[in-house]
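Trainee: I would like to go through this model with you. Can we take the fold, then the core, then a pocket?

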Amino acid sequence: MLDSMKGGALPLSSLNHISLLCRSVEDSLNFYQNVLGFTPIRRPGSLDFDGAWLFKYGIGIHLLQSPDPEAIPRKTEINPKDNHISFQCESMALVEKKLDELNIDYIQQRVEEGGIYVDQLFFHDPDGFMIEICNCDNLPVIPLRGGEQIMICKRVNLGIMPQQKMAMQYASTEESHITCA
């Protein structure tokens, strides 16, 4: 239990990136660029394996070429209870329209908490990793201990952190990002 650890929880500051094992880096790169809007950024030249790095919304995605692409299980069922990453959006209707245009299968769900409704769309990337798009910007984050609201997810422009300056050199600096404040 973290409370019993000397010094408490790790001194973290933010999510940096997620890494995803791919059957085809090229197919996944196309998906994350053209469906989710990520921008490819430079990878360190010392990396001696095939992959690609992307950045947007204040996070990075690192695509890693699988040495055995056929070993990656093929998922057909869209299961919202599977591992996934979630992105906030401004218009669920526009996201749904775009997914329809791209012929990407998805499922919809609605969650209700205290009169607040959150709509969700779930779909897979080319390797079966689950993506969620939601409109949860007004959903309060309430800790189990104490019970007082500590933050509300809002859409804001993030300041550029020093370690992200190089990444932002290759990505648009005028994009909106999501954070919880």
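Trainee: In what order do the elements of the protein run from the N terminus on?
Mentor: This is a predicted model, in which local features need pLDDT of at least 70 and side-chain atom pairs count only at pLDDT 80 or more, while totals for chains, interfaces and linings use all residues. Residues are numbered from 1 along each chain as its sequence is written, and side-chain values use heavy atoms, with hydrogens and water left out. Helices (H or I, at least four residues) and strands (E, at least two) are DSSP runs, numbered from the N terminus, and the protein has three helices and eleven strands. The order is β-α-β-β-β-β-α-β-β-β-β-β-α-β.

Trainee: Which residues touch the most other members of the largest nonpolar core?
Mentor: A nonpolar core is a set of buried Ala, Val, Leu, Ile, Met, Phe, Trp, Tyr and Cys residues joined through side-chain atoms within 4.5 Å; buried means under 20% relative accessible area, exposed over 50%, and partly exposed in between, with a 1.4 Å probe and protein chains only. The largest such core has 25 residues. Elements giving two or more residues to this core include β1 (17-22), α1 (25-34) and β7 (116-124). Those touching the most other members are Tyr-32, Leu-36, Leu-63, Phe-123, Ile-131 and Ile-133.

Trainee: Which element gives the most to the lining of the second largest pocket?
Mentor: On a 1 Å grid over the protein atoms alone, a pocket is an open set of points with protein on both sides within 12 Å along at least five of seven lines, and lining residues have an atom within 4 Å of a point. Of the 16 residues in this lining, those closest to the centre are Val-35, Tyr-57, Cys-89, Val-95 and Ile-133. The one that gives the most, with four residues, is α2.

Trainee: Tyr-57 has a positive phi; where is its place?
Mentor: Phi of Tyr-57 is near 60°, and the residue is not a glycine. Tyr-57 is partly exposed, with a relative accessible area of 22%. Its place is in the loop between β3 and β4.

Trainee: Is Asn-103 buried or exposed?
Mentor: Asn-103 also is a residue other than glycine with a positive phi, of about 55°. Its place is in the loop between α2 and β6 (107-113). With a relative accessible area of 67%, Asn-103 is exposed.

Methods: On a 1 Å grid over the protein atoms alone, a cavity is a set of points where a 1.4 Å probe fits but cannot get out, and a pocket is an open set with protein on both sides within 12 Å along at least five of seven lines; lining residues have an atom within 4 Å of a point.
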